Amino acid sequence: MTQFSIIILLLALNFTSNMAFLQASTILTGIVGSLFIELSLFSTIKLPERTKITASINRSYIDEYLILITLLSGASLLVYFIINVLNLQNNSPVTAYLALNLSTILFFRYYLAYFIYELKTPGWVKSHTLHRNIDSDKTCLSFLLPSYNEEKHIQRCIESIDKAAEKYHGSTEIIVVNDGSTDATRKIASAAILNLKNASGKVYNIPNSGKGVALQYGLNRVSGDVIFRIDTDSFIDESAIPRVMNHFKDPLVGSVSGMILPLEEKSWIQKIWILHYALLTFYKRGWELIDSVLVQPGAFSVFRKDALIQVGGWADDILGEDSDIAVKLARCGYRNEYEQHAVVFSDIPSNLRDLREQRLRWSMSFYHARSAHLDVIKDFNGPISVMYSLNIVEHGLGYANALFLPFLIATFLTGYNSSVLALTSLVGISVGLLAIELIIYGLQSIVYVYFLYKFKKLYIIKYIPMMRLYSFIYSIFIETEGIEILLSVTSKWKTQHTKELTTSLRRKIKEGAGSV
């Protein structure tokens with residue numbers, strides 16, 4: 001239907017070029033297919049009700065729209081270049097593979113955004129920083145630490161905050177919310193609070209209720225104007241506070257996140273994380289440039305307290321409360337920003353079992369967090385409406401790619417006989433697929449190398465080729481397992497409350513989907 005519509009449109013515009021049809025159908029068929037997948041899932045899975053948010057800050061987004069057009073134009077030119085260089089044909093598996101990799105190609109816009117920042121960020125990008133409304137050196141800070149069975153790390157976490165507070169001129173408090181821990185978390189946290197030298201603190205103990213409830217409980221008890229929300233298995237760099245607080249000189253800034261690096265680099269998975277966070281850094285720069293940050297990670301995010309209260313704080317009945325709160329702030333009119341020089345070192349999964357559990361949680365939280373704010377697409381209040389739609393399309397393309405790859409492999413194994421013509425076709429397809437891989441991941445590798453050079457981690461270069469394998473495993477196995485868990489747990493959606501559903505999902509992540 002998409003291709004038929006394109007033919008009618010091109011004929012109406014008096015375009016008869018086969019290349020024009022190929023380019024349009026490659027892009028639009030991929031987009032329509034990915035939307036079909038996502039809308040099917042959104043309409044099948046039991047998801048949280050949509051959150052109602054009314055923008056309370058009137059702003060102009062002209063600059064952000066101009067930047068968005070520039071970034072998308074750059075990515076579109078890359079698609080055009082690949083189609084023309086490879087001389088793709090409409091009935092080729094290579095063309096289908098290109099369409100399913102559109103999300104990866106469009107990622108090129110994030111590289112552009114990252115280098116715009118690297119080139120001494122021009123004034124027209126961040127002119128809002130000229131405004132001042134807060135003395136960042138004297139503001140009262142609160143560190144909010146929701147904790148469940150963190151006896152291994154919580155003492156060092158609190159000590160790192162106390163050490164960082166020594167370099168900050170304002171007052172600092174540490175609020176620990178012990179979420180019904182069954183280990184020695186309460187005892188160790190209380191002892192660490194009593195030994196504080198540069199900050200004050202309290203430990204609150206509540207029955208186990210989930211991270212969202214613990215965060216909301218703590219929000220109602222902090223006294224600071226700015227709230228640092230970090231995980232208790234993380235340790236903050238001693239110079240991080242001033243770098244983050246500089247952002248809050250702008251009254252429009254509602255939240256700031258920092259860089260998260262692994263506490264240890266022993267296993268290959270922990271080394272791969274550095275490259276994974278490089279990708280997240282590119283995302284953040286692209287989102288920040290057009291004021292459309294879609295998630296502020298729970299391991300290290302900082303919030304203006306008044307803004308948090310205005311949007312109702314953290315949700316306690318969904319997976320992905322870190323994404324939910326960022327989008328709520330953006331819809332209200334606040335800016336979400338990123339400070340890559342403020343670092344937290346976090347306990348990163350060191351084995352495949354823990355990695356799978358973490359990524360499953362992230363994969364399923366996408367649907368909870370996105371479904372809660374689908375109204376942002378029709379609100380059309382700033383570029384976030386466009387980015388929200390693109391994010392869903394790109395996510396669907398990832399699933400389409402995962403579904404397509406087994407068929408592509410089957411084509412190679414069973415689709416050709418031993419004739420010379422078939423062998424020639426097989427070689428041609430192989431060359432085309434390899435060319436797409438080299439173009440896409442060659443560009444990505446160049447940016448990886450720059451990132452590693454900038455942060456003095458060039459010894460990680462040898463792990464760059466493994467990122468392709470990591471992406472393959474994630475898309476083929478973990479994300480599809482996440483969908484199976486969502487579908488299996490929500491099959492009785494008519495009888496399940498959303499909060500009970502969230503609890504069931506968390507339990508199922510631990511157990512596994514069973515039939516994968």
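Let me start with a definition: helices (H or I, at least four residues) and strands (E, at least two) are DSSP runs, numbered from the N terminus. The model is predicted, so local features need pLDDT of at least 70 and side-chain atom pairs count only at pLDDT 80 or more, while totals for chains, interfaces and linings use all residues. Residues are numbered from 1 along each chain as its sequence is written, and side-chain values use heavy atoms, with hydrogens and water left out.

I will begin with the cavities. A cavity here is a set of points, on a 1 Å grid over the protein atoms alone, where a 1.4 Å probe fits but cannot get out; lining residues have an atom within 4 Å of a point. Grid points are joined across faces, edges and corners, and a volume is the space filled by probe spheres set on the points.

How many cavities of 30 Å³ or more are there? The count is 2.

α5 (102-106), α6 (108-118) and α17 (420-454) supply at least two residues each, and α17 gives the most, with 3. For classes, Ala, Val, Leu, Ile, Met, Phe, Trp, Tyr, Cys and Pro count as nonpolar, Asp, Glu, Lys and Arg as charged, and the others, Gly among them, as polar. On that basis the lining of the largest cavity has 6 nonpolar residues, 2 polar and no charged.

The second largest cavity is about 40 Å³ in volume. Around it are Arg 229, Gln 296, Gly 298, Ser 301, Phe 303, Trp 314, Glu 321, Asp 322 and Ile 325. Two or more of these lining residues come from β7 (300-304), and likewise from α13 (321-332). Which element gives the most to this lining? That is α13, with 3 residues. By class, this lining has 3 nonpolar, 3 polar and 3 charged residues.

Now to a helix pair. Helix α3 (residues 62-86) packs with α6 at an angle of about 130 degrees, the axes being 8 Å apart. Axes are lines fitted to C-alpha atoms, for helices over the stretch in contact, and angles run from 0 to 180 degrees between N-to-C directions. Angles under 35 degrees count as roughly parallel, over 145 as roughly antiparallel, 65 to 115 as roughly perpendicular and the rest as oblique, so α3 and α6 are oblique to each other.

With contact meaning heavy atoms within 4.5 Å, Leu 71, Leu 72, Gly 74, Ala 75 and Leu 78 of α3 meet Phe 108, Arg 109, Leu 112, Ala 113 and Ile 116 of α6. This contact has 8 nonpolar, 1 polar and 1 charged residues.

Technical notes. 1 Å grid on protein atoms, 1.4 Å probe; cavity = no way out; pocket = protein on both sides within 12 Å on 5 of 7 lines; lining within 4 Å.
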